[in-house]
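This report describes the helix packing, the sheet and the domain arrangement of a single chain. The sequence and the model are shown first.

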Amino acid sequence: MPPKGTLAEAKDFAQRHGAWIAARLGRLPKAAPFQPGTVIPLRGTPHRIVHRAGTRGTVWTETRDSGEKILCVAGGLEHVDRRVSDFLKREARRDLQRSAEAYAGELGVRVKRLSIRDQSSRWGSCTSAGSLSFSWRLILAPPFVLDYLAAHEVAHLVEMNHSARFWRVCGKVCPSMERAKKWLDTYGNDLHRYGVED
Ligand SMILES: [Zn+2]
């Protein structure tokens with residue numbers, strides 16, 4: 001509802017435009033919970049979650065003879081969600097750590113702390129004390145997107161703002177910056193449906 005609208009107006013609108021609303025809702029991305037059968041884009045590549053009860057280990061990837069990539073999860077079915085979630089956060093931390101350290105080396109700055117969060121509104125943030133934090137969901141995007149976010153936050157250690165100079169610093173170390181920004185504008189929102197119950 002618009003801020004100044006009334007409930008009566010909203011009801012009237014809903015009654016007149018029911019089909020339009022239904023069509024819009026039908027286009028909302030579907031929740032993709034971490035359970036067997038769900039396909040998740042690990043580093044941008046689709047992987048189907050497969051439960052391997054009775055197998056040793058925790059979570060690992062395999063490629064089927066058909067070429068299909070799968071994410072195998074051992075242990076009880078009730079732990080699949082938690083195990084996939086832990087795995088993705090661990091992988092996100094590893095990739096972001098490696099990427100941020102490489103950019104920090106290029107820019108001559110130091111990353112004091114790197115944390116992985118479930119930030120719903122931001123992909124990353126940076127404090128003046130040198131602490132970077134990132135959304136674990138970046139592990140679901142293609143690597144050039146994760147790398148751009150790492151470069152962006154590390155560049156804030158040089159320029160704590162979004163000035164023209166900041167974008168020059170960021171673009172210099174990260175040539176795929178514009179492509180990554182465009183990717184996030186187009187597909188970023190879709191990453192929020194993973195690991196969410198219906
Ligand atoms: Zn920024």
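Helices α3 and α4 are oblique to each other, because angles under 35 degrees count as roughly parallel, over 145 as roughly antiparallel, 65 to 115 as roughly perpendicular and the rest as oblique. Their axes come within 9 Å and cross at roughly 45°. Axes here are lines fitted to C-alpha atoms, for helices over the stretch in contact, and angles run from 0 to 180 degrees between N-to-C directions.

The model is predicted: local features need pLDDT of at least 70 and side-chain atom pairs count only at pLDDT 80 or more, while totals for chains, interfaces and linings use all residues. Residues are numbered from 1 along each chain as its sequence is written.

**Helix pairs**

The crossing of α3 past α4 is right-handed, a crossing being left-handed if the near helix is turned anticlockwise from the far one by less than a right angle, and right-handed if clockwise. On the α3 side, Asp95, Leu96, Ser99, Ala100, Tyr103, Ala104 and Leu107 meet Leu146, Asp147, Ala150, Ala151, Glu153, Val154 and Ala155 of α4. By class, this contact of α3 with α4 has 10 nonpolar, one polar and three charged residues. In this classification Ala, Val, Leu, Ile, Met, Phe, Trp, Tyr, Cys and Pro count as nonpolar, Asp, Glu, Lys and Arg as charged, and the others, Gly among them, as polar.

Helix α4 (residues 143-155) also packs against α5 (residues 164-173), at an angle of about 140°. That angle makes α4 oblique to α5, and α4 passes α5 in a right-handed crossing. Ala151, His152 and Ala155 in α4 meet Phe166, Val169, Cys170 and Val173 in α5; by class, the contact has six nonpolar, one polar and no charged residues. The two pairs are set out below.

| Helix pair | Axis separation | Angle |
|---|---|---|
| α3 and α4 | within 9 Å | roughly 45° |
| α4 and α5 | 9 Å | about 140° |

**Sheet and the helices on it**

Three strands form an open sheet in the order β5-β7-β6, with mixed pairing; two strands pair if DSSP finds at least two bridges between them. Its edge strands, each pairing on one side only, are β5 (113-117) and β6 (124-126). From one strand to the next the twist averages 15°. Strand β7 (residues 131-135) pairs with β5 in the parallel sense over five bridges, and Leu132 in β7 is the bridge partner of Leu114.

Helix α3 (residues 80-107) lies across β5 and β7 and runs at about 145° to β5. Helix α4 packs on the sheet as well, touching β6 and β7, with its direction at about 20° to that of β6.

**Whole chain and domains**

The chain has six helices and seven strands; helices (H or I, at least four residues) and strands (E, at least two) are DSSP runs, numbered from the N terminus. Along the sequence they follow the pattern α-α-β-β-β-β-α-β-β-β-α-α-α. Taken along the principal axes, the C-alpha atoms fill a box of roughly 60 × 55 × 30 Å.

An automatic or database domain assignment supplies the domain bounds, dividing the chain into domain 1 (39-82) and domain 2 (88-189). The C-alpha centres of domain 1 and domain 2 lie 27 Å apart. Five residues of domain 1 are in contact with five residues of domain 2, contact requiring C-beta atoms, placed from the backbone, to lie within 7 Å. The side of domain 1 that touches domain 2 has, by class, three nonpolar, one polar and one charged residues.

Conventions:
Two residues are in contact if their C-beta atoms, placed from the backbone, lie within 7 Å.
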